[in-house]
Amino acid sequence: MTDAPTTAPVARAATTGEVLAGYLTVQAGAFLRALPQAVGEAGSRPGALPASARAADDLLRAVRRVGGVLHTFAAAFDPQWAQESRTELRWLLNLLGQEPGYQRRAVRLLGALDSLADTSPDAAGMLAGHAGAPKARALLERQLTLARTRAHTALLQELRSARLHALADRMTLLAGDVPLVAPTAAEPVAALLPQTAAALGALLGAGERLPWQRAAQAYGGAGLHRLVAADAEPGGVPASRTPADADAALAADDAPWLRARILLKRARYALEVCGGTGEGLAELDGVLARHQEASDAAVTVATAARTPRITPATAYVLGVVHADQRLEVESARYAFGRQWPGVVPGLVGPVAALPG
């Protein structure tokens with residue numbers, strides 16, 4: 001999915017208020033155009049994503065951009081209105097993202113398992129002919145279908161709610177009247193550059209704190225083996241761990257990368273408002289999206305492996321699929337590490353190069 005900017009160029013002499021209002025008006029218009037089709041199709045039947053997937057993508061894209069701009073340039077907006085709008089947009093983003101998220105996860109996991117269990121003579125997978133493969137596939141498919149159906153039911157309930165209608169009304173007003181703080185709105189457009197620089201600085205700071213030593217290799221398995229050993233006494237034996245401990249260790253390991261993706265999106269949207277390009281950020285966002293998809297898929301497999309009364313063969317296959325997804329996580333980190341150095345020079349001191 002291409003997350004391309006949908007903004008119109010703004011004259012260099014424009015004020016801060018005009019630039020922000022112009023950007024948000026475009027995004028609110030995209031939201032209102034996509035909402036009827038995306039919501040109408042989503043309410044059809046479980047698993048039937050919008051006939052126009054582009055409408056759903058446009059809707060989510062507009063939600064992310066409006067929320068990102070309200071966060072980065074918060075000082076320019078009425079504080080209460082901005083906070084309420086961000087809360088409602090975050091709610092809608094989570095609501096609309098659940099069902100397609102489960103569907104993507106099903107495609108990823110079932111595709112991975114099918115590849116691992118492939119029995120082709122010239123390309124047999126490591127699980128080819130394994131007795132647990134069919135049962136593991138059926139278990140994953142059943143659990144993901146159930147999760148998707150529940151997400152669909154929750155979506156249907158909220159589609160009829162006053163909350164969604166109130167958000168649509170809010171976006172309708174935003175398309176014509178952005179509640180800006182008067183003194184800030186009248187300032188030259190250069191007043192937006194410090195906030196943009198702060199967004200870029202947050203991204204650069206997060207990038208510096210990423211565990212680059214582990215990401216320097218396409219497979220960081222050695223690091224994974226040591227995730228929970230840091231708190232052990234020197235020369236001592238680490239305490240016994242529960243599955244919850246393992247989940248917490250992996251979640252903590254993934255957290256800096258997930259945070260980097262959030263900051264990357266905010267930096268992209270801030271640059272769009274100021275007329276910058278943020279060359280390379282879209283590609284990096286795609287890499288981190290792959291990282292998050294694989295991380296979420298691994299969590300799903302780990303949960304399935306704890307299903308009561310499954311056979312050892314089934315559990316073994318799920319363990320292999322879990323390891324496969326964690327390898328995908330490591331691969332995405334490696335790809336990010338290869339691309340990041342080429343993008344950083346364009347983010348250091350970009351404020352002077354932006355239209356002002």
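**View A. Salt-bridge network of R214, D253, D254, R326, E330 and R333.** In this predicted model, salt bridges (a side-chain nitrogen of Lys or Arg within 4 Å of a carboxyl oxygen of Asp or Glu) link R214, D253, D254, R326, E330 and R333 in a network. The structure holds 19 salt bridges. Local features need pLDDT of at least 70 and side-chain atom pairs count only at pLDDT 80 or more, while totals for chains, interfaces and linings use all residues of the predicted model. Residues are numbered from 1 along each chain as its sequence is written, and side-chain values use heavy atoms, with hydrogens and water left out.

**View B. Salt bridge between R333 and D253.** The N to O distance in this pair is 2.9 Å. R333 lies in helix 12 (residues 312–347) and D253 in helix 10, 80 residues apart, and the pair links these distant parts of the chain. Helices are DSSP runs of H or I, at least four residues, numbered from the N terminus. R333 counts as buried because its relative accessibility is 2%, and D253, at 10%, is also buried. Buried means under 20% relative accessible area, exposed over 50% and partly exposed in between (1.4 Å probe, protein chains only).

**View C. Salt bridge between D285 and R268.** The closest N and O atoms of D285 and R268 are 3.3 Å apart. D285 is in helix 11 (residues 281–305) and R268 in helix 10, so the pair ties together parts 17 residues apart in sequence. D285 is buried at a relative accessible area of 5%; R268 is buried at 6%.

**View D. Salt bridge between E84 and R170.** The closest N and O atoms are 3.3 Å apart in this pair. E84 belongs to helix 3 and R170 to helix 5, distant parts of the chain 86 residues apart. E84 counts as partly exposed because its relative accessibility is 34%.

**View E. The largest nonpolar core.** A nonpolar core is a set of buried Ala, Val, Leu, Ile, Met, Phe, Trp, Tyr and Cys residues joined through side-chain atoms within 4.5 Å. The largest one has 46 residues, of which L24, F31, F77 and L92 touch the most other members. Elements giving two or more residues to this core include helix 1 (16–42), helix 3 (79–116) and helix 10 (243–274). Helix 1 supplies the largest share, 11 residues.

**View F. Surroundings of F77.** Contact means heavy atoms within 4.5 Å. Leaving aside neighbours within four places in sequence, the contacts of F77 are L20, L24, V69, L70, A82, V178, P179, L180 and V181.
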